[in-house]
Amino acid sequence: MDVLASIITYRISGPAAPTFDPAIFAPAVGRAQPRPKAAYDAPPADGSCRLLDMPEEVLVRVFSELDSEDFARCFRLCRALHDLLASSSLLNLQQTLALNHLLLNPRALLPPADPALAPPSSAALLSALRERLTRARNLAPRAARVVRFSEPDGRLYEYLEGVLLRGVEEPSGAVHELAVYDLRQADEWEDVDDDDDDEEQSRARTTGTRVEQPAAGAAPGAGTERAGSDGRAALNVGSSNEGPVVEQVDGTQLSVEREKAVKRTHRFDYAICEFAVDPGQDLLVLAETRQTTRRTFKLHFHLLALSTFEPHPLAAQPVLDFPDHVSRRRPSLGFQICDDGFYVLYHNAGANVRDRVHGWQWTTGRHAVVAQGFGTWSFESMVLLTPSSFIIPAVQAHLDPASVVADELDNAIDLSFTHHLLLYAFPPLAAAGAGAPSAPPHTATHVATIDLPSFRVDLGADIPPPRIGVRTDPPPRRTFPAHPRTGPAPFVPAPESGILVLPFYCQNGHTGADPHYIMVTLKHTLARLLPSPDSPLLRLAFPRPAPVVPWAQFAPDVRLFGPNLESSGWVCFVYHHHWVNIRVTRDGDAFMQLYDFDPLRVRKERHDRRVRAARADDTWDGPETLNGVRLVTDPHTVPASAGATGTAPGPGPVPDPDALDTLLAHDTTTGARLPYLLVERRTDADVALIDGERIVAVNRADGIVLDDDGPPELEILEF
């Protein structure tokens, strides 16, 4: 009551006027006396811990603010705290996500549309995440399914996060029709009907056979039955000349609605020259060229919703116009979509046309960023490193100092070529030009140039400089995927994490067999060179040239594989820290290889092996294969062009008298600071695509895997 009376008196009369106490401001005499300990600072006399007296919800909230290292130390404080931290599914989920550079998508925790369903619990999410990580580590999928195609393959394709796009090419070469395969629906293919099936369907479900229903107008009993190899579920999503084909999946007849959920096609009234997709935003971008004069074309980008093929509801302008004219009906383009940014690389345009990159804020239609190449530089590819920076592999042409004919500058033999990575940065789209929609685009700042290894080039012997690509998936998004509405991806890679993969496409005119290289590095290695997003360097024009990182400084942080790698026609072989590759032996056997460059997972593997060796009174001597997983920590050297030693896509040189010429100008040692894990399994495919939840095995030649006696198929390995 005294406390309540004081509060009432304070609110009625207001606070009392402060009084001046000279003792407060008097200088201290002698040594300052220590502050007496408060009751909460002194440990209890009985040795109990007041921290554990707090509610469990409060403790979980407190320990969720710790980083991974401090969280691990808390396990060693006391038994009671150890039991609390080990039993909390929410804390373990947060730490498992952090240790694997993942984020939890808050949209995955929203209540589902079906009121009979509940959002996933933290325990269910933790169990699913641990299972996925374990299966990916061992390359042991929980399910292997087959999708069958019927339409011919085209020159246009794209794959990202479970959505496969294929352009249906006409005899003239034009593409008006687009087929969309949503492989995220694979879990629904195992649904089972009621128990009133006929005897044949029941037998098919028991034996793992596939029963194909007769087409419309076919005679009764015309359906065919084929035993399923290794019991995989199969789905025919094509159509025959006689009518649509509906196939059994483990004895279940798929409805027309279910088939449409997996595959959809749409025909457009204009020819598609290129496309890009972002399934998380339900965004589909189609590029169209329209002829303006006899030799020039205008390039337009249609912003559509992937689910409806209608203009995207978030796009203020459904069509974006490329600011420059192009000289070909099918220009060479490169696309990247990240959050509200849409970026286009226009290159290989011909003489007197410099390569360039344009960026738009596609939600507002504002032309936000531009970067133009130099006179003697060729932009080979482009990918975003962060939401406000991109990396461009480039080839620079020089006049060879050893040339004896200085007057004939148009002779290609007198040229030499070097390869580099160009790093550009710009202000975030939300800040650059904010409030001024008509402002000119911001010119991206050239931040750094990174030298790449030197290759032997001899144009007289038909050995041109290698072409370079670059790939990193997913884009470095700051937002979370919102699609599909029924269940967006619950685990999303952190935007600053992942690897960057650079394929080198070489041509060797002497042997006819072209060497192929893959270079891998962590995105963080390059991101360290970037200025802060609010740095004045990104807004002002500085006359100084960009600093150059020499190859000797960059080499320990990368891994170079080759030259006996198979060149893939598909480029969707990297996701987050994983790179998937198909290795073909001399006997023709194919192996699917999954590389993991996550530094924390590699560090944990090294620690676990050292502990296991110490318990067995043994010594751990570095790289070894344990339970099918190979740990590689030693650097790797690829010999120069004059050597006769080939290298496999793995650690260490492998003597091979029939090896390809490496085409490297010098012995190249890489990987001193980039260890990795490697696991492999046999496969019938020779190209693989990857995302965070699955690996898709396809055929390099025509985009499909062929059965001996069946229609084209594509295998989906779910993790």
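**A colleague's note on salt bridges, a sheet and a surface patch**

1. Asp 278 and Arg 477 are both buried. Please keep in mind as you read that this is a predicted model. These two residues form a salt bridge, and their closest N and O atoms are 3.2 Å apart. The pair connects distant parts of the chain: Asp 278 belongs to strand E12 (residues 274-278), while Arg 477 sits in the loop between E26 and strand E27 (491-493), 199 residues apart.

2. How many salt bridges does the structure hold? The count is 26. If the idea is new to you, side chains of opposite charge can pair when their charged atoms come close.

3. Now look at Glu 718, which forms a salt bridge with Arg 142; here the closest N and O atoms are 3.7 Å apart. Glu 718 lies in strand E45 (residues 712-718) and Arg 142 in the loop between helix H7 (122-138) and strand E2 (143-148), so this pair ties together parts that are 576 residues apart in sequence. Is Glu 718 buried or exposed? With a relative accessibility of 2%, Glu 718 counts as buried. Arg 142, at 38%, counts as partly exposed.

4. A network of salt bridges links Arg 142, Asp 691, Glu 693, Arg 694 and Glu 718.

5. For a pair within one helix, turn to Arg 73 and Glu 69. They form a salt bridge with the closest N and O atoms 3.9 Å apart. Both are in helix H4 (residues 68-74), and because they are 4 residues apart there, about one helical turn separates them. Arg 73 has 43% relative accessibility, so Arg 73 counts as partly exposed.

6. Next comes a sheet to trace by eye. It is an open sheet of 4 strands in the order E26-E28-E29-E31, and the pairing is antiparallel. Which strands are at the edges? They are strand E26 (467-468) and strand E31 (558-561), each of which pairs on one side only. Strands of a sheet pair through backbone hydrogen bonds. Strand E29 (residues 516-522) pairs with E31 in the antiparallel sense over 4 bridges, and Met 519 stands opposite Leu 560 in E31.

7. Finally, visit the surface. Leu 51, Leu 52, Met 54, Val 58 and Val 62 make a nonpolar surface patch of about 340 Å². One of these residues, Met 54, is found in the loop between helix H2 (22-25) and helix H3 (56-63). Its relative accessible area is 34%, so Met 54 is partly exposed.

Conventions: Residues are numbered from 1 along each chain as its sequence is written. This is a predicted model: local features need pLDDT of at least 70, side-chain atom pairs count only at pLDDT 80 or more; totals for chains, interfaces and linings use all residues. Side-chain values use heavy atoms; hydrogens and water are left out. Patches are made of residues with over 30% relative accessible area and no salt bridge: like charges are joined within 9 Å, nonpolar side chains (Val, Leu, Ile, Met, Phe, Trp, Tyr) within 5 Å. Accessible areas come from the Shrake-Rupley method with a 1.4 Å probe; for residues, only the protein chains shown count as cover. A salt bridge is a side-chain nitrogen of Lys or Arg within 4 Å of a carboxyl oxygen of Asp or Glu. Helices (H or I, at least four residues) and strands (E, at least two) are DSSP runs, numbered from the N terminus. Buried means under 20% relative accessible area, exposed over 50%, partly exposed in between (1.4 Å probe, protein chains only). Two strands pair if DSSP finds at least two bridges between them.
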